[in-house]
Amino acid sequence: MPNIRWLLALITALHRLAYRATRGVIGRRIPLVDWRVLLLTHVGRRTGRSYTVPLLYIADGARFVVVGSNAGDARPPAWWRNLQAQPDARVQVGADLIPVRARLATGAERARLWAALVASYRDYARYERATRGARELPVIVLECVA
């Protein structure tokens with residue numbers, strides 16, 4: 001399979017740019033499938049720089065739930081490793097900028113949220129199988145902080 005990471009990086013950059021420029025009018029929802037997208041801004045654990053990535057999410061009350069799938073790669077995404085080192089971050093949902101704190105869902109909470117995530121985006125189950133047992137995809141809860 002060819003390496004298409006450059007293409008994914010380009011799509012991500014364009015998505016982020018359109019989302020920010022339009023305050024979420026473009027990029028907040030993926031039409032036809034009704035996927036919701038937020039922008040997660042976090043701090044790099046080694047660089048200390050700010051990074052922003054668009055992520056699919058589901059709402060769980062006032063919380064946002066995302067998956068560290070990395071499209072089924074055996075390695076977790078950099079943004080998740082960064083959140084593990086520094087859990088305070090910010091999300092943009094539409095025009096709203098919301099400070100959040102990330103934590104890993106475990107046990108029964110993870111099982112409940114995982115079922116909801118897979119119901120929303122079926123490829124998550126395929127991504128978890130693709131890791132061939134190398135890792136369980138992390139379910140990350142982003143809780144609003146005052």
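Reader: What covers the buried residues of α3?

Author: Start with the partners in contact. This is a predicted model. Here the cover of α3's buried residues includes β3 (50–60), β4 (63–67), α4 (123–130) and β7 (139–144).

Reader: Which residues of α3 are buried?

Author: Arg110, Leu113, Trp114, Leu117 and Val118. They cover an arc of only 135 degrees around the axis, so they sit on the same side of α3. On the other side, Ala108 and Ala119 are exposed.

Reader: Turn to β4. How many of its residues are buried?

Author: Five of five, so β4 is mostly covered, with buried meaning under 20% relative accessible area.

Reader: Which way do the residues of β4 point?

Author: In a regular strand, side chains alternate between the two faces of the sheet. In β4, Arg63, Val65 and Val67 point one way. Phe64 and Val66 point the other way. Residues on both sides are buried.

Reader: How many bridges join β3 to β4, and in which sense do the strands run, parallel or antiparallel?

Author: Three bridges, antiparallel. Ala59 stands opposite Phe64 in β4. The two strands form a hairpin with two residues between them. In that turn, Gly61 has a positive phi of about 65 degrees.

Reader: And over how many bridges do β4 and β7 pair?

Author: Four, again in the antiparallel sense. Val65 has Val141 of β7 as its bridge partner.

Reader: Which residues have the most contacts inside the largest nonpolar core?

Author: Leu38, Leu40, Phe64, Trp79, Val91 and Leu142. This core has 18 residues. A second, separate core has 14 residues, including Leu113, Val118, Tyr124 and Leu137.

Reader: Which residues is Phe64 in contact with, leaving aside neighbours within four places in sequence?

Author: Phe64 is in contact with Leu38, Tyr57, Ile58, Val91, Val93, Ile98, Val100, Ile140, Val141, Leu142 and Cys144.

Reader: Now the loops. Where is Asp73, and is it buried or exposed?

Author: Asp73 lies in the loop between β4 and α2 (78–85). Its relative accessibility is 18%, so Asp73 counts as buried. A polar atom of its side chain lies 2.8 Å from the backbone nitrogen of Arg75. Not counting residues up to four places away in sequence, Asp73 touches Arg5, Thr131 and Arg135.

Reader: Is Arg132 buried or exposed?

Author: Exposed, because its relative accessibility is 78%. Arg132 is in the loop between α4 and β7. Sequence separation and distance in space should be read together. Arg132 and Gly72 are 60 residues apart in sequence, and their C-alpha atoms are 9.1 Å apart.

Reader: Where is Ala78, and what is its relative accessible area?

Author: Ala78 is in helix α2. With a relative accessible area of 38%, Ala78 is partly exposed. Ala78 and Arg45 are 33 residues apart in sequence and 9.1 Å apart in space, C-alpha to C-alpha.

How values were computed:
Residues numbered from 1 in each chain as written. Predicted model: local features only at pLDDT ≥ 70, side-chain atom pairs only at ≥ 80, totals over all residues. Heavy atoms only, no water. Buried < 20%, exposed > 50% of the residue type's maximum accessible area, 1.4 Å probe, protein only. Arc of directions from axis to C-beta. Contact = heavy atoms within 4.5 Å. Pairing = 2+ DSSP bridges. Polar contact = N/O pair within 3.5 Å; in protein donor to acceptor, adjacent residues only side chain to side chain. Core = buried A, V, L, I, M, F, W, Y, C linked by side-chain atoms within 4.5 Å.
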